[in-house]
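Dear colleague,

I am writing to hand over the structure shown below. My notes on it follow directly after.

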Amino acid sequence: MMMKVGNILIEFKHVSKIYPNGARGLKDIHLHIDKGEFVVIVGLSGAGKSTLLRSINRLHMITEGEIIVNQKSITRAKGKELYEIRRDIGMIFQNFNLVRRSSVMRNVLSGRVGYHSTLRMVLGLFPNRDKELALEALERVGLREKAYVRADQLSGGQQQRVSIARALAQEANIILADEPVASLDPLTTRQVMDDLARINQELHITMVVNLHSVELAKEYATRIIGLRDGEVVFDGAVSEATDEVFEQIYTKEDKKHAKMRVAE
Ligand SMILES: Nc1ncnc2c1ncn2[C@@H]1O[C@H](COP(=O)(O)OP(=O)(O)OP(=O)(O)O)[C@@H](O)[C@H]1O
């Protein structure tokens with residue numbers, strides 16, 4: 001694969017997000033993510049992790065600033081352009097988002113939908129090349145032999161790996177994962193994180209992952225972004241993310257005030 005010099009894949013330009021009810025999602029986020037990075041976003045519940053991740057593929061609209069993905073403004077994109085930018089971004093959700101009653105293969109093939117006409121997709125006519133891609137993707141997550149099993153017959157960890165295969169079949173160069181292991185047990189958590197790490201290393205797919213676990217963040221990330229109240233309070237290499245840094249990320253301002261009030 002050709003590596004371009006200074007390969008910025010995602011760029012946040014002074015991005016803010018205020019929800020219609022007045023809640024602040026993000027405040028003046030200004031950063032970029034380069035090709036091949038494995039970025040983990042950490043922070044307390046409500047810190048803005050989901051908002052940040054979902055603004056990258058415009059599942060959430062931002063209220064200020066601009067986001068550039070693969071050199072194109074997803075903030076300004078309309079119609080076909082938006083659709084094409086999104087095609088390069090795979091998404092992995094906490095609850096897997098599979099069609100549970102369909103086969104594993106069908107679910108993985110749905111990653112190809114963005115490449116074909118609506119009619120073709122309504123008729124379920126995927127070219128053989130797509131089927132090969134889907135099987136290759138399943139192979140990569142160790143589930144090729146499950147291709148024709150119904151998705152709901154698989155364990156949670158396996159279902160999450162099917163959703164990873166779907167992102168691979170999509171041929172995305174960015175994968176966004178919103179709490180991908182939050183509903184998994186420790187062993188399956190590791191398998192899913194290992195799959196993401198392997199895909200990042202072998203295919204150079206850029207990962208942006210929201211995690212609650214500091215331990216996992218330290219183990220898998222190349223870079224950690226700490227959010228608090230919608231703001232970036234840490235952005236650096238794992239080696240720089242000391243215990244004090246995490247303490248700062250996870251300190252709740254109002255908790256401090258509450259303590260002070262108790263002391264008064
Ligand atoms: N749809 C929404 N409408 C209004 N406010 C929202 C909405 N989604 C999120 N928020 C608010 O925006 C802020 C950031 O929320 P977000 O879900 O991004 O945080 P998070 O770090 O992902 O939290 P969690 O770890 O609990 O998922 C919070 O104050 C939250 O209440």
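At what angle do helix H6 and helix H7 pack, and how far apart are their axes? In this predicted model, helix H6 (residues 156-169) and helix H7 (residues 186-203) pack at an angle of about 15°, and their axes are 9 Å apart. Since angles under 35 degrees count as roughly parallel, H6 and H7 are therefore roughly parallel to each other. Their crossing is right-handed. On the H6 side, the contact is made by Gly156, Gly157, Gln160, Arg161, Ile164 and Leu168. H7 contributes Thr188, Gln191, Val192, Asp195, Leu196 and Ile199. By class, the contact of H6 with H7 has five nonpolar, five polar and two charged residues.

The ligand site comes next. The residues around the ligand are Tyr19, Asn21, Ala23, Gly25, Gly43, Ser45, Gly46, Ala47, Gly48, Lys49, Ser50 and Thr51. Sorted by class, this shell has eight polar, three nonpolar and one charged residues. Helix H1 (residues 49-56) supplies the largest share of the shell, with three residues.

Is H1 largely enclosed by the rest of the structure, or largely open? Six of the eight residues of H1 are buried, so H1 is largely enclosed by the rest of the structure. The buried residues in H1 are Lys49, Thr51, Leu52, Leu53, Ser55 and Ile56.

Most residues other than glycine have a negative phi. H1 is followed by Arg58, whose phi is positive, near 65°. Glu171 has a phi near 60°, a positive value in a residue other than glycine. Glu171 lies in the loop between H6 and strand E7 (174-178). Because Glu171 has 17 C-beta neighbours inside 10 Å, Glu171 counts as partly exposed.

Asp229 likewise has a positive phi, near 50°, in a residue other than glycine. Its place is the loop between strand E9 (223-228) and strand E10 (231-237). With 16 other C-beta atoms within 10 Å, Asp229 is partly exposed.

With kind regards

Terms used: Residues are numbered from 1 along each chain as its sequence is written. This is a predicted model: local features need pLDDT of at least 70, side-chain atom pairs count only at pLDDT 80 or more; totals for chains, interfaces and linings use all residues. A residue is near a molecule or strand if its C-beta atom, placed from the backbone, lies within 6 Å of it. Helices (H or I, at least four residues) and strands (E, at least two) are DSSP runs, numbered from the N terminus. Ala, Val, Leu, Ile, Met, Phe, Trp, Tyr, Cys and Pro count as nonpolar, Asp, Glu, Lys and Arg as charged, and the others, Gly among them, as polar. Axes are lines fitted to C-alpha atoms, for helices over the stretch in contact, and angles run from 0 to 180 degrees between N-to-C directions. Angles under 35 degrees count as roughly parallel, over 145 as roughly antiparallel, 65 to 115 as roughly perpendicular and the rest as oblique. A crossing is left-handed if the near helix is turned anticlockwise from the far one by less than a right angle, and right-handed if clockwise. Two residues are in contact if their C-beta atoms, placed from the backbone, lie within 7 Å. A residue is buried if 20 or more other C-beta atoms lie within 10 Å of its own, exposed if 12 or fewer, and partly exposed in between; C-beta atoms are placed from the backbone.
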